[in-house]
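Hi everyone, thanks for coming. I'd like to walk you through one model today, so please bring it up on your screens.

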Amino acid sequence: MTTTDTTAITVVLPDAFDERWARLPGIQVDGRRITIDPDDYFFRFESPTWLVADWELVKSHILEAEETTESAVEQLALEFIKVHGESTSDAARVLSTAYEVYAYLFRTEHLAGLGLPQITVEHLRMLREAATLMALNKEELDGHISNVGPCWFFPAATSVVFDLDDDMGGLMDEIYHGGWFNEHRRIESIKAHAALGGRLVHGCQSVPDQSGGVVAPYGASMANFRDDLAAFKAGWLEKVYAHRVNPAA
């Protein structure tokens with residue numbers, strides 16, 4: 001592992017996380033308090049800074065904004081980030097912002113229209129928690145992936161923590177990176193992710209294949225992203241699965 005900072009990350013979030021996150025190395029959960037040891041938690045931790053914007057500003061300035069024939073929703077998000085984005089080395093701020101983003105994106109009101117009766121409120125909670133931790137991953141403008149934690153491998157991490165089988169893990173991954181399967185959800189995702197300084201990108205192809213996701217800055221090289229991901233995927237994915245309590249899940 002490459003690491004640049006061994007200072008523990010501690011955050012108190014609005015809601016308690018599942019204590020089973022402690023099955024993964026380097027993470028402790030005490031109700032609403034989460035503590036992460038970068039040395040143990042990350043596979044790669046080279047860049048302990050992130051780009052964020054105030055969630056209240058996102059709500060008031062961009063969530064209700066409409067694209068036009070001259071200004072696509074991606075342009076709206078990019079311009080907002082240029083004006084309001086701030087570089088921070090405060091990982092707790094990143095996690096707090098991410099929690100607000102994913103509490104908004106994975107809200108209960110959308111369950112009825114999802115068309116997947118097997119997905120429940122409890123599954124939405126799992127998605128919110130895993131996606132919040134995912135926000136500590138990072139991709140640079142040149143496409144190099146500088147921060148990688150277990151939640152890069154979304155189905156693997158959720159299967160370890162929540163004892164999901166492979167089918168449910170794959171479905172959760174599809175909901176996560178598929179933007180709830182429609183254009184309306186994708187547009188919401190683009191707007192909300194402005195609070196995390198970019199847009200959600202993932203490495204999966206036509207099916208969830210454990211290639212993960214990250215909030216990448218606009219303009220980042222996707223070719224280099226693909227190549228870097230391919231180089232580390234298999235070995236680190238295996239390490240995440242090794243922490244399954246029930247290997248047959």
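I'll go through the sheet, then the charged pairs, then the aromatic rings.

Two words on the ground rules. This is a predicted model, so to speak of local features we need pLDDT of at least 70, and side-chain atom pairs count only at pLDDT 80 or more, while totals for chains, interfaces and linings use all residues. Residues are numbered from 1 along each chain as its sequence is written, and side-chain values use heavy atoms, with hydrogens and water left out.

Let's start with the sheet. Three strands make an open sheet, ordered β2-β4-β3, with antiparallel pairing. Strands here are DSSP runs of E with at least two residues, helices are runs of H or I with at least four, and both are numbered from the N terminus. Two strands pair if DSSP finds at least two bridges between them. Which strands stand at the edges? They are β2 (9-12) and β3 (27-30): each has a single partner strand, so one side of each is left without a neighbour in the sheet. From one strand to the next, the twist averages 15°. Between β3 and β4 (residues 33-36) there are four bridges, and Gln 28 sits opposite Thr 35 in β4.

Helix α4 (residues 91-105) lies across β2 and β4, at about 40° to β2. For those angles, axes are lines fitted to C-alpha atoms, for helices over the stretch in contact, and the angles run from 0 to 180 degrees between N-to-C directions; contact means heavy atoms within 4.5 Å.

Now the charges. How many salt bridges does the structure hold? There are 18, counting a side-chain nitrogen of Lys or Arg within 4 Å of a carboxyl oxygen of Asp or Glu. One of them joins Glu 109 to Arg 107, with the closest N and O atoms 3.3 Å apart. Glu 109 counts as exposed at 57% relative accessibility, whereas Arg 107 counts as buried at 17%. The cut-offs are under 20% relative accessible area for buried, over 50% for exposed, and partly exposed in between, using a 1.4 Å probe and protein chains only. Arg 107 also lies over the face of Tyr 104, 4.3 Å from the ring centre; that call requires NZ of Lys or CZ of Arg within 6 Å of the ring centre and within 35 degrees of the ring normal.

Glu 188 and Arg 185 form another salt bridge, at 3.3 Å from N to O. Both lie in helix α9 (residues 183-192), three residues apart, about one turn of the helix, and both are buried. There is also a network of salt bridges linking Asp 18, Arg 20, Arg 23, Glu 122, Arg 125, Glu 129 and Asp 163. Asp 163 follows α7 and has a positive phi, near 60°. As for helix α7 (residues 154-162) itself, nine of its nine residues are buried.

Finally, the rings. The structure holds 13 aromatic pairs, meaning rings of Phe, Tyr and Trp (its six-membered ring) with centres within 6.5 Å; planes under 30 degrees apart count as stacked, over 60 as edge-to-face and the rest as tilted. Tyr 102 and Phe 106 are stacked, because their centres are 6.0 Å apart and their planes at 15°. Both Tyr 102 and Phe 106 are buried. Phe 153 and Phe 232, by contrast, are edge-to-face, at 6.3 Å centre to centre and 85° between the planes. That pair links distant parts of the chain, 79 residues apart: Phe 153 is in the loop between β9 (145-148) and α7, and Phe 232 is in helix α10 (residues 222-241).
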